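Reader: Hey, I'm new to this one. Could you walk me through it?

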Amino acid sequence: MADGTAAGRRRRLERTPDADRLEFTYRALLEALGPQQWWPHADEDGRFEICIGAILTQNTAWTSAARALANLRAAGAWPAEALLALPQDAVADLVRPAGHFNVKARKVQEFCRVLVEEHGGSIDALLAGNAEVVRARLLAIWGVGPETADAMTLYAARLPTFVVDAYAYRLAERLELAPGPRQYERYRRFFLEAAGDDVHRLNEWHALIVRHGQRTCRRSNPHCDECPLLEDCPFGQRTLGLTD
Ligand code: SF4
């Protein structure tokens with residue numbers, strides 16, 4: 001049982017090394033929010049959807065990306081060959097709910113072009129190999145950056161990597177666990193080394209961080225008073241006046 005007094009909270013901050021603090025973070029979020037398990041069982045169509053969704057959700061909420069995905073399916077622009085057969089402006093109309101629709105239409109079609117022309121339309125062929133090989137292959141596709149490539153690698157290919165996003169940067173900084181200035185690969189390596197290569201657990205880690213960031217550890221007005229990480233969070237303790 002945690003010591004809930006201000007002194008107890010300070011003692012925890014002073015004595016705990018980083019690896020233990022990350023483990024505490026994972027367990028506390030899992031206990032508070034429950035298992036998230038995004039896409040626990042995706043078939044070939046599901047893996048394709050995860051990849052297209054990862055592009056569509058860039059800089060927007062998943063609910064908006066999901067509306068764009070539903071439009072593509074409803075219009076018969078699915079899977080890759082059908083999506084490629086449409087003019088780009090027609091795809092842009094369909095993905096409009098995801099925002100930045102012209103550039104996202106181009107990105108989605110470029111992903112489909114590589115899938116069809118270089119991998120025979122097989123998502124399994126595109127995602128074959130170890131995590132570093134797959135991620136490098138995805139990063140070579142125009143419009144796929146590190147966060148998108150890692151989401152595809154972890155959730156579609158089910159290979160071990162860590163998805164670093166704005167929520168992960170913010171949480172690491174507020175917990176004072178940040179491995180340095182924000183730099184994608186630095187954070188990915190830091191979390192991956194601490195979290196290990198268990199794909200199930202990495203799936204949970206990212207999902208829990210996103211949920212926590214959306215619900216509690218908000219950019220403005222975080223709900224520190226109801227946060228399960230408060231006893232280990234210098235930022236939250238300062239915000240509530242528990243420490244100097
Ligand atoms: S205590 Fe506040 S700042 Fe710290 S993790 Fe929780 S919500 Fe975020």
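This is a predicted model: local features need pLDDT of at least 70, side-chain atom pairs count only at pLDDT 80 or more; totals for chains, interfaces and linings use all residues.

Reader: Okay, which residues touch the most other members of the largest nonpolar core?

Author: Those are Phe 48, Ile 52, Leu 56, Leu 72, Leu 83, Phe 111 and Leu 138, out of 73 residues in that core. Helix 3 (residues 44-56) gives the largest share, 7 residues.

Reader: And where does this core lie relative to domain 1 and domain 2?

Author: It lies between them, because domain 1 (16-37 + 163-239) and domain 2 (44-156) both give residues to it. As a general point, nonpolar side chains tend to be buried together in soluble globular proteins.

Reader: Let's zoom in on Leu 138. What is it in contact with, leaving aside neighbours within four places in sequence?

Author: Leu 138 contacts Phe 111, Leu 126, Leu 127, Val 144, Ala 149, Met 152 and Thr 153. Two of those names come back in helix 10, where Ala 149 and Met 152 are among the buried residues.

Reader: Helix 10, then. How many of its residues are buried?

Author: 9 of its 11, so to speak, which makes helix 10 mostly covered. The cover includes helix 3, helix 7, helix 9, helix 12 and helix 13. After helix 10 comes Arg 158, with a positive phi near 55°.

Reader: You mentioned helix 12. What span does helix 12 reach?

Author: Helix 12 (residues 184-195) has 12 residues and reaches 16 Å from its first C-alpha to its last, close to the 16 Å expected at 1.5 Å a residue. Its buried residues are Tyr 184, Tyr 187, Arg 188, Phe 190, Phe 191, Leu 192 and Ala 195.

Reader: What covers the buried residues of helix 12?

Author: The cover includes helix 2 (18-33), helix 9 (131-139), helix 10 (146-156), helix 11 (166-174) and helix 13 (199-215). Gly 196 follows helix 12, and its phi is positive, near 85°.

Reader: How do helix 2 and helix 13 cross?

Author: Their axes come within 10 Å and cross at roughly 70°. Angles of 65 to 115 degrees count as roughly perpendicular, and helix 2 and helix 13 are therefore roughly perpendicular to each other.

Reader: Which residues meet there?

Author: From helix 2 you have Leu 22, Glu 23, Thr 25, Tyr 26, Leu 29, Leu 30 and Leu 33. They meet Arg 201, Glu 204, Trp 205, Leu 208, Arg 211, His 212 and Arg 215 in helix 13.

Reader: New topic: Gln 109. Buried or exposed?

Author: Gln 109 is buried, with a relative accessible area of 9%. This residue is in helix 7 (residues 101-119). Not counting residues up to four places away in sequence, Gln 109 touches Leu 83, Leu 84, Leu 86, Pro 87, Gln 88 and Val 91.

Reader: Is Asn 221 buried or exposed?

Author: Asn 221 is exposed, with a relative accessible area of 64%.

Technical notes:
Residues are numbered from 1 along each chain as its sequence is written. Side-chain values use heavy atoms; hydrogens and water are left out. A nonpolar core is a set of buried Ala, Val, Leu, Ile, Met, Phe, Trp, Tyr and Cys residues joined through side-chain atoms within 4.5 Å. Buried means under 20% relative accessible area, exposed over 50%, partly exposed in between (1.4 Å probe, protein chains only). Helices (H or I, at least four residues) and strands (E, at least two) are DSSP runs, numbered from the N terminus. Domain bounds come from an automatic or database domain assignment. Contact means heavy atoms within 4.5 Å. The expected span of a helix is 1.5 Å times one less than its number of residues. Axes are lines fitted to C-alpha atoms, for helices over the stretch in contact, and angles run from 0 to 180 degrees between N-to-C directions. Angles under 35 degrees count as roughly parallel, over 145 as roughly antiparallel, 65 to 115 as roughly perpendicular and the rest as oblique.
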